[in-house]
Amino acid sequence: MTQDDKALCAHLQQLEVELHHPGRPCDVERLEALLHPDFHEVGRSGRAYDRATVVRYLSQVSTPPQVDSSQFRVERLTPDVALLSYCSVQRPADGSADLRTLRSSLWTRGLSGWQLRHHQGTPAASQD
């Protein structure tokens, strides 16, 4: 991985983790800046979500779940399009089983910077 790719991976990782909103609520303006106008998501449940639904949900969550993310990788598809993949583990407060998810995010760079265009979550096997 080149130095540019390492820097891009670190930058996109920072933006991605910001969407997990650790320790603070998500601001609607910031969410709208991070999510591309054509953003869509397929969650780990298999349900599809549009931008308005995701912005509304993330801006209203007062107690976000604990999400630990690791194994970030980036693949630059064009100079202004990158695929970020990683693994996340959601640790429910009630002590129930951790939810491991393989995640892929398609980021595009425009005049206002990098924006998330598509996000996919796929349930992952536990690491027993």
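**Charged pairs and their surroundings**

Guide: The model is a predicted one. In it, the side chains of Arg109 and Asp80 form a salt bridge, with 2.9 Å from N to O. Arg109 belongs to strand β5 (residues 99-110) and Asp80 to the loop between β3 and β4 (81-91), so the bridge ties together parts that are 29 residues apart in sequence.

Visitor: How accessible are Arg109 and Asp80?

Guide: Arg109 is partly exposed, at a relative accessible area of 38%. Asp80 is partly exposed as well, at 35%.

Visitor: How many salt bridges does the count come to?

Guide: The count comes to 4 salt bridges. Among them is one between the side chains of Arg76 and Asp5, at 3.3 Å from N to O. That pair links distant parts of the chain, since Arg76 sits in strand β3 (residues 66-78) and Asp5 in helix α1 (residues 3-18), 71 residues apart. Arg76 is partly exposed, with a relative accessible area of 33%.

Visitor: And which side chain does Arg30 meet in a salt bridge?

Guide: Arg30 pairs with Glu18, at 2.6 Å from N to O. Here too distant parts of the chain are linked: Arg30 lies in helix α2 (residues 28-34) and Glu18 in helix α1, 12 residues apart.

Visitor: Is Glu18 buried or exposed?

Guide: Glu18 is buried, with a relative accessible area of 19%; the cut-off for buried is under 20%.

Visitor: Moving to Glu41, what is the nearest side chain of opposite charge?

Guide: That is Arg103, 4.8 Å away. Glu41 is buried yet has no salt bridge, and a salt bridge requires the nitrogen to be within 4 Å of a carboxyl oxygen.

Visitor: Where is Glu41 placed, and what is it in contact with?

Guide: Glu41 is in strand β1 (residues 35-42). Leaving aside neighbours within four places in sequence, Glu41 is in contact with Arg47, Ala48, Tyr49, Val54 and His119.

Visitor: What about Arg100: buried or exposed?

Guide: Arg100 is buried, with a relative accessible area of 15%. This residue is found in strand β5. Arg100 and Arg30 are 70 residues apart in sequence, and their C-alpha atoms are 27 Å apart in space.

Visitor: What does Gln115 touch?

Guide: Not counting residues up to four places away in sequence, Gln115 touches Glu32, Ala33, Leu34, Leu35, His36, Pro37, Leu106, Trp107 and Thr108.

Visitor: Now the overall picture. How many helices and strands are there?

Guide: The protein has 3 helices and 6 strands. From the N terminus on, the elements run α-α-β-β-α-β-β-β-β.

Visitor: How does the radius of gyration agree with that of a compact globule?

Guide: A compact globule of 128 residues would have a radius of gyration near 14 Å, and the protein has 14 Å, so the two agree. Along the principal axes, the C-alpha trace spans about 45 × 35 × 25 Å.

Visitor: What share of the residues is buried, and what is the accessible surface?

Guide: Buried residues make up 34% of the 128 residues. The accessible surface comes to about 7800 Å², of which 51% belongs to carbon and sulfur atoms.

Visitor: What share of the contacts joins residues at least 24 apart?

Guide: The share is 48%, taken among contacts between residues at least 6 apart in sequence.

Visitor: Last one: how many positive and negative side chains are there?

Guide: There are 14 positive and 16 negative side chains. The centres of the two sets lie 2 Å apart.

Notes
Residues are numbered from 1 along each chain as its sequence is written. This is a predicted model: local features need pLDDT of at least 70, side-chain atom pairs count only at pLDDT 80 or more; totals for chains, interfaces and linings use all residues. Side-chain values use heavy atoms; hydrogens and water are left out. Helices (H or I, at least four residues) and strands (E, at least two) are DSSP runs, numbered from the N terminus. The radius of gyration is taken over C-alpha atoms; the globule rule is 2.2 Å times the number of residues to the power 0.38. Buried means under 20% relative accessible area, exposed over 50%, partly exposed in between (1.4 Å probe, protein chains only). Contact means heavy atoms within 4.5 Å. Accessible areas come from the Shrake-Rupley method with a 1.4 Å probe; for residues, only the protein chains shown count as cover. Lys and Arg count as positive and Asp and Glu as negative; His and the chain ends are not counted. The place of a charge is taken as NZ of Lys, CZ of Arg, CG of Asp or CD of Glu.
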